[in-house]
Amino acid sequence: MAQRTGRTGSTERPERADALRNREAVLAAADALFAASSSPQAVSMDEIAAAAGVGKGTLFRRFGDRAGLIGAVITSRLEPLRRAVQDVQEQHAQEQDAAGTGPRQQVLDLLDAALSFKIENRNLMSAAEDAGLSSPYQAEHYGWWHGTLRAALERVPGVRNADFTAHALLAAVRADLVAHLIDDQKMTPADLRSSLAAHVENVLGRPGPTP
């Protein structure tokens, strides 16, 4: 009986495992439903709970509200990309180029990765805005993108204010702008990525000659 009713020791492990399984089931169900829908805003909490095999109350206990759930799905989708970016970042950090092409390329790669994520997940990001996550600057993942980009910009010769420049460059890949350009202006993803690369080159300027 002690193992069932105790508050410490081994009795907490099954509860934590069950909670983790429930959380992963909810995230997987929400992710699949959002991906399958052309309008994630139309996916209800009831549908997510049913697909995950949990009660609706579990969703609210685990994630607080719809905005919290959508934010968790975005974070889970970003995690593999974040790991990949960190791997590439380590490779660029080993490059010592007097002209600064190493960190310049890192800036381009980071923004291209951010843009590609926004293109692929623009419906989900729009749902996040509708759910009350309208300010990207409050999101944990924005802080990570900004900090990583700022660190790369600090190594690019000629960049005077890396903090502001990182904010300004990330503004070019806002989800609402990406959705407008692709869905309303009918810009292709390839053209958008090319235009972003050209914009970054305009902001950073041309690299200086190698001494």
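Among contacts in the protein between residues at least 6 apart in sequence, 69% join residues at least 24 apart; a contact here means heavy atoms within 4.5 Å. The model is predicted, so local features need pLDDT of at least 70 and side-chain atom pairs count only at pLDDT 80 or more, while totals for chains, interfaces and linings use all residues. Residues are numbered from 1 along each chain as its sequence is written, and side-chain values use heavy atoms, with hydrogens and water left out.

The protein has 11 helices and 0 strands. Both kinds of element are DSSP runs numbered from the N terminus: helices are H or I with at least four residues, and strands are E with at least two. Read from the N terminus, the order is α-α-α-α-α-α-α-α-α-α-α.

Of the 211 residues in the protein, 36% are buried. Buried means under 20% relative accessible area, exposed means over 50%, and partly exposed lies in between, with a 1.4 Å probe and protein chains only. The protein exposes about 11,900 Å², and carbon and sulfur atoms supply 50% of that area. These areas come from the Shrake-Rupley method with a 1.4 Å probe; for residues, only the protein chains shown count as cover.

In soluble globular proteins, nonpolar side chains tend to be buried together. Here the largest nonpolar core has 54 residues, and those with the most contacts inside it are Leu69, Val107, Trp145 and Leu149. Helix 6, residues 101-120, gives the most to this core, with 9 residues. A nonpolar core is a set of buried Ala, Val, Leu, Ile, Met, Phe, Trp, Tyr and Cys residues joined through side-chain atoms within 4.5 Å. Leucine 149 is in contact with Val107, Leu110, Leu111, Ala166, Leu169 and Leu170, leaving aside its neighbours within four places in sequence.

Which residues does leucine 115 touch, not counting residues up to four places away in sequence? They are Val173, Val178, Leu192, Arg193 and Leu196. Leucine 115 is in helix 6 and has a relative accessible area of 1%, so it counts as buried.

Helix 8, residues 140-153, holds histidine 146. This histidine is buried because its relative accessible area is 6%. Beyond its neighbours within four places in sequence, histidine 146 is in contact with Asp163, Ala166, His167 and Leu170.

Tryptophan 144 and tryptophan 145 are both buried. The count of aromatic pairs comes to 1, and these two tryptophans form it: their arrangement is edge-to-face, at 4.9 Å centre to centre and 65 degrees between the planes. Rings of Phe, Tyr and Trp (its six-membered ring) pair if their centres lie within 6.5 Å; planes under 30 degrees apart count as stacked, over 60 as edge-to-face and the rest as tilted.

Side chains of opposite charge can pair when their charged atoms come close. A search of the whole structure finds 9 salt bridges, each a side-chain nitrogen of Lys or Arg within 4 Å of a carboxyl oxygen of Asp or Glu. One of them joins glutamate 201 and arginine 104, at 2.6 Å from N to O. This pair links distant parts of the chain, with glutamate 201 in helix 11 (residues 189-204) and arginine 104 in helix 6, 97 residues apart. Glutamate 201 is partly exposed at 33%, whereas arginine 104, at 7% relative accessibility, counts as buried.

Another salt bridge joins arginine 150 and aspartate 163, at 3.3 Å from N to O. Arginine 150 lies in helix 8 and aspartate 163 in helix 9 (residues 162-171), so the pair ties together parts that are 13 residues apart in sequence. Arginine 150 has a relative accessible area of 30% and aspartate 163 has 32%, so each counts as partly exposed.

Helix 4, residues 56-63, has Thr58, Leu59 and Phe63 as its buried residues. Seen down the helix axis, they fall within an arc of 105 degrees, so they line one face of helix 4. The arc is that of the directions from the helix axis to the C-beta atoms. Just after helix 4, glycine 64 takes a positive phi of about 85 degrees.
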